Amino acid sequence: MKRIFLIVVAIAWLGLVFFTPKVEALNLPECVLNDCNCSDFATQPEAQAVFNVFVKDFFRLDKDGDGIVCTSLPGTPKTEKVEPEASELSQPKSLSKLVLKQIKFGNPSDADTVLNNYLIPKEQFVISYNCSRNLANWVSWMVDASYLGDVERADDFRPDPDLPCYQPTPRDYRRSGYDRGHIAPSADRDSNKEDNSATFYMSNIMPQSPSNNREVWRELEGYERDIITELGNKAVYIVAGPLGNIGTIGNGVTVPESTWKVILVAGANGSPSQTIAVNIPNNESVKNTDWQDYLTTVNRIEKLTGYDFFKELPDEIEEVLESKVYQQ
């Protein structure tokens with residue numbers, strides 16, 4: 001009888017925790033009925049509200065124990081930074097040079113300020129965004145040894161404040177059946193926390209079928225890094241994105257029919273040596289297949305998308321490289 005009484009008391013206590021007027025007034029998200037993590041919140045104040053209500057960090061949101069949670073999300077309160085001594089200051093990097101590094105061989109769609117071809121330059125990658133699809137047209141980035149390390153994956157999916165239109169959130173993907181699939185992958189930016197965290201902006205995410213995202217797409221991402229770490233090349237220059245429309249999820253986020261990627265390999269001497277191009281169906285038909293099964297030419301992807309890749313290459317080199325199917 002005593003055990004039954006304790007169970008009843010515990011249930012009653014949980015009811016008070018989840019349904020007090022205080023919780024209702026804060027309009028807390030559904031995750032409080034299960035398990036919350038930072039990717040469940042659109043802003044830092046939302047996460048902070050949950051942390052403040054549930055004592056003893058019930059959802060383990062406070063990673064460093066300072067009482068301020070999910071600090072990579074928008075709206076995080078600013079804290080004063082202690083400036084280093086003058087002797088410790090390093091030469092600041094040029095933002096323009098960092099951005100140009102990610103788009104060295106051209107702007108494939110001549111993206112600018114048009115809302116369906118809106119250019120978003122970041123230090124880690126460059127995006128052409130389509131506001132009518134709530135999805136990137138393409139993302140362009142480069143990878144060399146300087147970007148590869150062992151920083152822990154951030155997993156802080158969040159809206160991108162640089163978008164000029166609706167800013168998708170992780171909630172748009174909830175119970176959709178589609179993964180929040182990276183275009184520029186997290187593991188291509190794991191030399192420091194800031195770069196890795198940037199890959200979790202929802203502008204760099206597209207709805208991918210589980211087998212597309214977790215199998216063939218992931219395996220190609222690993223091979224891209226092997227090109228540098230195992231095969232001895234200097235760098236790869238990558239453009240990738242979604243193609244087609246088979247419906248929407250959430251607040252109008254387009255689900256693509258396929259996912260494509262084109263890669264320019266720079267050999268050990270830094271000169272362009274070959275290209276890789278794939279177009280992978282965004283459904284479960286790709287389960288237990290290999291990325292090599294979807295090889296095509298850069299020219300073919302250009303015809304499908306209407307984009308002009310690697311146009312800063314000399315014409316004679318571009319013509320040869322973009323017409324060949326990659327051979328390992």
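Mentor: Here are the ground rules, then the rings, then the strands and helices.

This is a predicted model: local features need pLDDT of at least 70, side-chain atom pairs count only at pLDDT 80 or more, and totals for chains, interfaces and linings use all residues. Residues are numbered from 1 along each chain as its sequence is written, and side-chain values use heavy atoms, with hydrogens and water left out.

Start with the rings. There are eight aromatic pairs. Rings of Phe, Tyr and Trp (its six-membered ring) pair if their centres lie within 6.5 Å; planes under 30 degrees apart count as stacked, over 60 as edge-to-face and the rest as tilted. One of the pairs is Phe105 with Tyr237: the centres are 4.9 Å apart and the planes stand at 85 degrees, so the pair is edge-to-face. Phe105 sits in the loop between α4 (95-102) and β1 (113-114), Tyr237 in strand β7 (residues 235-243), so the pair ties together parts 132 residues apart in sequence. Helices (H or I, at least four residues) and strands (E, at least two) are DSSP runs, numbered from the N terminus. Phe105 and Tyr237 are both buried, meaning under 20% relative accessible area, against over 50% for exposed and partly exposed in between (1.4 Å probe, protein chains only).

Next, Phe157 and Phe200. They also pair edge-to-face, 4.9 Å centre to centre, with 85 degrees between the planes. Phe157 lies in the loop between β4 (135-144) and β5 (179-182), and Phe200 in the loop between α5 (193-198) and β6 (205-208), so this pair ties together parts 43 residues apart in sequence. Both Phe157 and Phe200 are buried. Phe157 has a charge too: the charged end of Arg180 sits over its ring, 4.2 Å from the centre. That calls for NZ of Lys or CZ of Arg within 6 Å of the ring centre and within 35 degrees of the ring normal. Lys261 does likewise over the ring of Trp217, at 4.4 Å from the centre. Elsewhere, ring pairs link Trp260, Tyr307, Phe309 and Phe310 into a cluster.

Now the sheet. Eight strands form an open, antiparallel sheet in the order β1-β2-β3-β4-β7-β10-β11-β12. Two strands pair if DSSP finds at least two bridges between them. At the edges stand β1 and β12 (295-296), each with a single partner strand, so one side of each lacks a neighbour in the sheet.
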